[in-house]
Amino acid sequence: MALFKKKAEEMPQFDVLPAHVAIIMDGNGRWAKKRGLPRTAGHVTGAKVFRTIVKHCEARGVGYVTVYAFSTENWKRPPEEVQAIMNLLRDYLKESLRDFKKENIRVRFLGDRAPLAEDIRDLIEEAEKSTADKDGMCLNIALNYGGRHELTAAMREMAKKVQAGELSPDDITEEIISQHLYTAGQPDPDLIVRPSGEHRLSNYLIWQAAYAEYVFMDDILWPDFTTADMDAALAEYARRNRRFGGV
């Protein structure tokens, strides 16, 4: 896996930096179509961009990065496209298992793993176990993820605990709900970035994004996304006045 490196003195500095950045990596298919290429070519290029941006965020000092890799709705895409995405995931996991030995990055996967191929589930488990003791940036990969599915699973788990007498309905608070989500123990995203011109969450982190700042980029598709674009999003975040419902 090619690693992005940039000297700290070359990077613009920001007064405020988000602790948690979430990214919707959108526009791979449209990028390929504009160039007369198969949609799978967009995903290949997008995967390379993903690696670069993750390393850039780490160099910046962002503590948590969550990327939307594959949603629960993406199974509706053409089978050859789904297969191509899964093959890219396999390649990434195999490369990561080598690279994570020297990288201080902890990796976690958010989503329902049951429908995934057995070898992918095994690679995911190995990646998480091999990086569990890392204390650097946490990289969350949302795979077969949907915000409503996540909330449904959380409610079901809490209902089971209530039925077993382990939890009282009166004890269910926002914090308790957060503890039953895939992101339990992590701060909510401060910044959500989406290129490609779409202005919606698309079922992404819908509980966690309650007070996130959004940066939608209309004139760029994910395969063309650069470290300068990431810095532009960080700069925009630094200009925001976050009041969280206050004055």
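The model is predicted, so local features need pLDDT of at least 70 and side-chain atom pairs count only at pLDDT 80 or more, while totals for chains, interfaces and linings use all residues. Residues are numbered from 1 along each chain as its sequence is written, and side-chain values use heavy atoms, with hydrogens and water left out.

**Helix H4**

- H4 covers residues 118–131; helices (H or I, at least four residues) and strands (E, at least two) are DSSP runs, numbered from the N terminus.
- Which residues of H4 are buried? They are Ile120, Leu123, Ile124, Ala127, Glu128 and Thr131, where buried means under 20% relative accessible area, exposed over 50% and partly exposed in between (1.4 Å probe, protein chains only).
- An α-helix has 3.6 residues a turn, so residues three or four places apart point the same way.
- Over on the other side of H4, Glu118 and Lys129 are exposed.
- Cover for the buried residues of H4 includes helix H3 (79–99), strand E3 (106–110) and strand E4 (138–145).

**Gln208, in a loop**

- Gln208 sits in the loop between strand E5 (191–195) and strand E6 (213–217), yet it is buried, at a relative accessible area of 2%.
- Its side chain makes a polar contact with the side chain of Glu150 at 3.2 Å; that term means a pair of N or O atoms within 3.5 Å, and within protein one must be able to donate a hydrogen and the other to accept it, with residues adjacent in sequence counting only if both atoms are side-chain atoms.
- Setting aside neighbours within four places in sequence, Gln208 is in contact (heavy atoms within 4.5 Å) with Tyr145, Glu150, Leu181, Thr183, Asp188 and Pro189.

**Phe50, in a helix**

- Phe50 belongs to helix H2 (residues 39–60) and counts as buried at 9% relative accessibility.
- Residues up to four places away aside, Phe50 touches Met25, Val67, Tyr92, Leu139, Ile141 and Trp222.

**Positive phi without glycine**

- Asn144, in strand E4, has a positive phi near 50° and is buried at 4%.
- Ser196, in the loop between E5 and E6, has a positive phi near 95° and is buried at 7%.

Note on methods. Expected span 1.5 Å × (residues − 1).
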